[in-house]
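Please read it alongside the sequence and the coordinates.

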Amino acid sequence: QAGPAAPVLAKAAPTASTSTKPKPKRASPSSTPLRERLCGAPQNPMGYDFCGGNRIRKPAAEICDHFDCAQEFWAGRGYLVQCRDGVVSLTGGYRNACAEHRGVRRTVWT
């Protein structure tokens, strides 16, 4: 006589695949086109851009090799801005910043 039958174990029901959509990769600075990283600023080794960050009050000595500096650039005492005519000036933060260049267009950042 055979002993009691072994209990039959039900197979686990296959679970629905919980596949998630792959997350889009965030562009790393090295894979982002340089033009986009600088937000329109000229290519420069200092990393100055028009994107945002920290204001520049003491620019690198070679800034005028990469940006079109206003006459009397080094006499400025503010932060670095680009004037409406395209030149950069150290008059940011002052009431008459870029007065001889049709006003301030945007800040230059690092």
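Three disulfides are found when the whole structure is searched, a disulfide being a pair of cysteine sulfur atoms within 2.5 Å. The model is predicted, so local features need pLDDT of at least 70 and side-chain atom pairs count only at pLDDT 80 or more, while totals for chains, interfaces and linings use all residues. Residues are numbered from 1 along each chain as its sequence is written, and side-chain values use heavy atoms, with hydrogens and water left out.

| Disulfide | S-S distance | Torsion about the S-S bond |
|---|---|---|
| Cys39 and Cys51 | 1.9 Å | 105°, right-handed |
| Cys64 and Cys69 | 2.1 Å | about -105°, left-handed |
| Cys83 and Cys98 | 2.0 Å | -70°, left-handed |

When the bonded cysteines of the protein are numbered in sequence order, the pairing reads 1-2, 3-4, 5-6.

The link of Cys39 and Cys51 has a right-handed torsion of 105° about the S-S bond. Both Cys39 and Cys51 lie in the loop between helix H1 (34–38) and E1, so this pair ties together parts that are twelve residues apart in sequence; helices (H or I, at least four residues) and strands (E, at least two) are DSSP runs, numbered from the N terminus. Cys39 counts as partly exposed at 33% relative accessibility, and Cys51 is partly exposed with a relative accessible area of 38%, where buried means under 20% relative accessible area, exposed over 50%, and partly exposed in between (1.4 Å probe, protein chains only). The link of Cys83 and Cys98 has a torsion of -70°. It connects distant parts of the chain, with Cys83 in strand E1 and Cys98 in the loop between E2 and E3, 15 residues apart, and both Cys83 and Cys98 are buried.

Strand E1 also belongs to an open sheet of three strands, which are ordered E2-E1-E3 with antiparallel pairing; two strands pair if DSSP finds at least two bridges between them. Strands E2 (88–92) and E3 (104–107) stand at the edges with a single partner strand each, so one side of each is left without a neighbour in the sheet. From one strand to the next the twist averages 50°, where axes are lines fitted to C-alpha atoms, for helices over the stretch in contact, and angles run from 0 to 180 degrees between N-to-C directions. Strand E1 (residues 79–83) is joined to E2 by three bridges, and Val88 in E2 is the bridge partner of Gln82.

Gly92, in strand E2, counts as buried at 2% relative accessibility, and contact (heavy atoms within 4.5 Å) is made with Gly78, Tyr79, Val81 and Ala97, not counting residues up to four places away in sequence. Thr107, in strand E3, counts as buried at 15%; leaving aside neighbours within four places in sequence, Thr107 is in contact with residues including Asp49, Arg55, Tyr79 and Val81.

A nonpolar core is a set of buried Ala, Val, Leu, Ile, Met, Phe, Trp, Tyr and Cys residues joined through side-chain atoms within 4.5 Å. The largest such core has 14 residues, and those with the most contacts inside it include Tyr48, Phe67, Leu80 and Val88. Apart from it lies another core, of six residues, among them Ala70, Val81, Cys83 and Val87.
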